[in-house]
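Let's read a model together, one feature at a time. Have the picture open as we talk.

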Amino acid sequence: MNPERLRAVFDALLAAHGPQHWWPAETPFEVMVGAVLTQNTAWTNVERALERLTARIPLDAQAILDLPLGELAQALQPSGYFNVKARRLRAFCEGLVAEGGVEGISALGTGELRGRLLAISGIGPETADDMLLYAFERPVFVVDAYTRRTLGRLGLLTGQEGYEAIRSAFESALGPDVPLYNEYHALIVRHGKDVCRTRPRCPECALKPDCPVAEAGRSGFSPTATVGSL
DNA sequence: TACCAGGAGAAAA
DNA sequence: TTTTCTCATGGT
């Protein structure tokens with residue numbers, strides 16, 4: 001992954017969309033709850049679910065654990081997959097309490113913290129990295145479907161790379177930089193939802209002149225390029 | 001009407 | 001080991 005090209009794409013995204021000021025939450029715990037609820041779900045639906053949940057209980061781990069599972073699922077209903085997410089949120093809260101809460105888990109090193117999060121059922125790589133970057137401010141790059149799609153359209157990814165390969169490629173190219181990772185991922189999501197959202201999906205829309213990151217990515221465009229060669 | 005959204009885990013091949 | 005299926009609401 002070429003650092004200059006990656007920086008050029010970031011600069012183009014920032015110029016096009018401006019700072020995103022992520023994550024839209026008040027506390028680290030709210031970030032983590034949101035990370036679970038936003039799995040494969042539009043953020044507007046997550047906001048509805050959070051409103052329903054906080055109308056019933058204070059937003060903390062013990063209050064969620066004290067809420068009967070059926071009531072938790074009912075509160076989460078607008079975010080979709082509500083039965084699944086109720087179980088996942090409860091499992092996460094159990095894990096968090098077992099680790100001594102947000103304070104306790106904050107004391108762990110990044111690698112160990114990531115391992116603990118991934119050990120919880122329902123917390124996969126992207127959700128764990130959302131938490132690490134946006135709740136704990138650790139230098140971990142978040143890879144999501146928009147990252148694969150947008151960077152793939154720019155020729156910086158083939159689409160065949162695994163999650164860890166993409167994450168380590170970004171981190172190696174950019175160096176440990178929490179504010180940069182924060183803004184970069186937020187901008188990729190914003191861009192994916194905004195400019196590159198076409199119906200039906202156009203695999204090349206980012207390469208069209210009206211896409212603000214097209215030029216930045218074009219210099220690195222190579223349909224057969226791989227992470228390692230860029 | 002059909003598709004998609006800031007995934008993850010279980011089941012099947 | 002890799003691929004497919006399931007979970008589900010709300011916007012376009």
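Q: Before anything else, how do you sort residues into nonpolar, polar and charged?

A: Ala, Val, Leu, Ile, Met, Phe, Trp, Tyr, Cys and Pro count as nonpolar; Asp, Glu, Lys and Arg as charged; and the others, Gly among them, as polar. With that, the residues of the surface near DNA strand B divide into ten nonpolar, nine polar and five charged. Keep in mind that this is a predicted model, where local features need pLDDT of at least 70, side-chain atom pairs count only at pLDDT 80 or more, and totals for chains, interfaces and linings use all residues. Residues are numbered from 1 along each chain as its sequence is written, while chains are lettered from A and ligands numbered from 1 in the order in which they are written.

Q: What is pLDDT, and what is its average for chain A?

A: pLDDT is the predictor's confidence in each residue, from 0 to 100. Chain A averages 88, and 84% of the residues score at least 70. Two stretches stay under 50: residues 198–207 and residues 220–230. Where pLDDT is low, the predicted coordinates should not be read in detail.

Q: How many helices and strands does chain A have?

A: Helices (H or I, at least four residues) and strands (E, at least two) are DSSP runs, numbered from the N terminus. Chain A has 13 helices and zero strands.

Q: Which residues come nearest to DNA strand B?

A: A residue is near a strand if its C-beta atom, placed from the backbone, lies within 6 Å of it. There are 24 residues around DNA strand B, and Q39, W43, G124, E126 and T127 come nearest. The elements giving two or more residues to this surface are α9 and α12. Helix α9 supplies the largest share, four residues.

Q: And what surrounds DNA strand C?

A: Here you'll find N40, T41, A42, T44, N45, Q77, P78, G80, Y81, F82, N83 and V84. Two elements give two or more residues to this surface, α3 (43–56) and α6 (82–98). Helix α6 gives the most, with three residues. By type, the surface near DNA strand C has five nonpolar residues, seven polar and no charged.

Q: I see N40 in that list. Is it buried or exposed, and why?

A: We count neighbours: a residue is buried if 20 or more other C-beta atoms, placed from the backbone, lie within 10 Å of its own, exposed if 12 or fewer, and partly exposed in between. N40 counts as exposed because it has 8 C-beta neighbours inside 10 Å. Its place is in the loop between α2 and α3. Over the whole of chain A, 36% of the 230 residues count as buried.

Q: Why does the length of α12 make sense?

A: The expected span of a helix is 1.5 Å times one less than its number of residues. Helix α12 (residues 178–193) has 16 residues, so it should span 22 Å, and its end C-alpha atoms are 23 Å apart, which agrees.

Q: What do the buried residues of α12 pack against?

A: Two residues are in contact if their C-beta atoms, placed from the backbone, lie within 7 Å. The buried residues of α12, including Y181, L187 and H191, pack against α1 (3–17), α9 and α10 (145–153). For comparison, look at helix α2, where M32, V33, G34, A35, V36 and L37 are buried. Those residues pack against α3, α5 (69–76), α6 and α9 (125–135).

Q: How is chain A divided into domains?

A: Domain bounds come from an automatic or database domain assignment. Domain 1 covers 3–20 + 142–223 and domain 2 covers 28–135. Seven residues of domain 1 are in contact with six residues of domain 2. On the domain 1 side, α12 gives the most, with three residues.
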